[in-house]
Amino acid sequence: MTLAEKPGTTVRGGAAGDRPAGTHLRRGMKPRQLIMISLGGAIGTGLFVGSGAAVGVAGPAVAVSFLIAGLVVVLVMRMMGELVAADPASGAFSVHAEKALGPVAGRTIGWLYWVQVVAVVAAEATAAAAIVGAAFPAVPQWAAAFGFMVLFTAINLVGVGTFGAFEYWFAAIKVVAVLAFLGVGLALLFGWLPGSTSPGASNLFEHGGFAPTGVTGVAAGLLIVIFAFGGTEIVAIAAAETADPRRNTGRAIRTIVWRILVFYVGSVVLIVAVVPWNSPSLATGPFVEVLRTAHVPGAAGLMSLIIVVALLSSLNAMLFSASRMIYSLSERGAAPRVFSALTRRSVPRNAVLASVAFGFLTVVLNHLAPDKVLPLLLNVVGSTILVLWTFVGVSQIRLRNRARREGTEDALPLKMWGFPYLSYLAVALLAGVAILAMFDTAARNQLLATGALTAAIAAASWVSLRRSGAGRQAG
């Protein structure tokens, strides 16, 4: 183990040269925090709310949509884990893409991810503020959004240890909430709750059958579900600031398989088993409807609180991710050097402030047009997750083949299963999802917008590299 790998030491943001001691990001996050963050990373509104929309288009067969999406995520995260364990860096997949495919690719995916995450930060603050505003009409939506932005900016400015502590408890609340939901759902399904009658398996096969909308419905559900897993990549970025990242990354990645099976697939199977899939109430509150069926008092208020926690957890995590990504880009010369400056606590303050600036702008927009902000932000986020995961897959294949040629493959701390076959399968599945998206109007528009944005960033990165190269030659 080298000095940079020991607990409590520091870590570079990317591929920059060495700096004097004390001027790097610190490995201040505890292993238990990273593992809990990996557990809670994908538990958000995609599960609590988005699963209802998926049930509405696929019926009980939405379980198949979740299984396919879960397979994709498991494979992608295992590939990401191999890359991170071998080369932990705050730029994560951007650094790996640069090493595998060149500087244009690294800059493109880094900036694309930063733009996406900055939009997510604003979207989560807006959504959480809307729920708070609905519960407490006296609190204006813009004021709640402003309060959330100030709070989580402060948390991220204090240090990685504070971020890790907050995110640990946010994730713990989400995990406990899902486990409690599973417990109530199973008790209802098996007839263990007083005053409730078990529906048995009737809801799975009545009301049009298990797949009432056919293969088309399963495909439509897959398009909704695949984006629900956004946020899992936080573990790749956070690992760089964790003690002994090579070992702890593997531990965190290994939890993903059972997490998806239990939390996502288990939850959605219980939802369609307990409540008829064509129930109108499932579209906006699937978890609430199950709890109401189980006669849990205050179900709606309880789930609203859990959803706010999930939104704020995502805001906190995405702000951290965005700041580390632009910090890494700065270290590699792909962003202004001011963003790689660190405070005495080893916090990239300018990177945090740059990443949160758009969120504060949306506070103003929330004041002017509160009903239009969230849909606009969600369209901006679009389908960037498909591009990100594809870059991860291609980078892993290239770098693993390189390690095999150089004879260093056996030294990899964490390896992708069944390489290269499962790696190629993951990339093929992502391509299949993209093809499906082209047959859905909303998904197609988002995919085309994401493609245009990716191409624009790539072109700008190529021009920037050409100019910097010419400048060095002239010098």
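How many salt bridges does the count come to? The total is seven. Keep in mind as you click around that this is a predicted model.

**Stop one: a salt bridge.** Select Arg332 and Glu98 and show their side chains. These two form a salt bridge, with the closest N and O atoms 2.9 Å apart. Now colour the surroundings: Arg332 lies in the loop between helix H14 (299–331) and helix H15 (349–368), while Glu98 is in helix H5 (residues 93–101), so the pair ties together parts that are 234 residues apart in sequence.

**Stop two: a helix pair.** Next, select residues 50–58, which are helix H3, and residues 62–86, which are helix H4. Their axes come within 8 Å and cross at roughly 120 degrees. Angles of 65 to 115 degrees would count as roughly perpendicular and those over 145 as roughly antiparallel; H3 and H4 are therefore oblique to each other. To see who makes the contact, show Ser51, Ala54, Val55 and Ala58 on H3, then Val62, Ser65 and Phe66 on H4. Sorted by class, that contact has five nonpolar residues, two polar ones and no charged ones.

**Stop four: two backbone details.** Go to Phe419 and Pro420, where a cis peptide bond joins the pair, with omega at about 5 degrees. Pro420 is in the loop between helix H17 (384–406) and helix H18 (421–437).

Finally, select His295. Its phi is positive, about 60 degrees, although the residue is not a glycine. You'll find His295 in the loop between helix H13 (286–293) and H14.

How values were computed: Residues numbered from 1 in each chain as written. Predicted model: local features only at pLDDT ≥ 70, side-chain atom pairs only at ≥ 80, totals over all residues. Heavy atoms only, no water. Axes fitted to C-alpha atoms, helices over the stretch in contact; angles between N-to-C directions. Helix = DSSP H or I, 4+ residues; strand = E, 2+ residues; numbered from the N terminus. Parallel < 35°, antiparallel > 145°, perpendicular 65-115°, else oblique. Contact = heavy atoms within 4.5 Å. Nonpolar A, V, L, I, M, F, W, Y, C, P; charged D, E, K, R; others polar. Salt bridge = Lys/Arg side-chain N within 4 Å of Asp/Glu carboxyl O.
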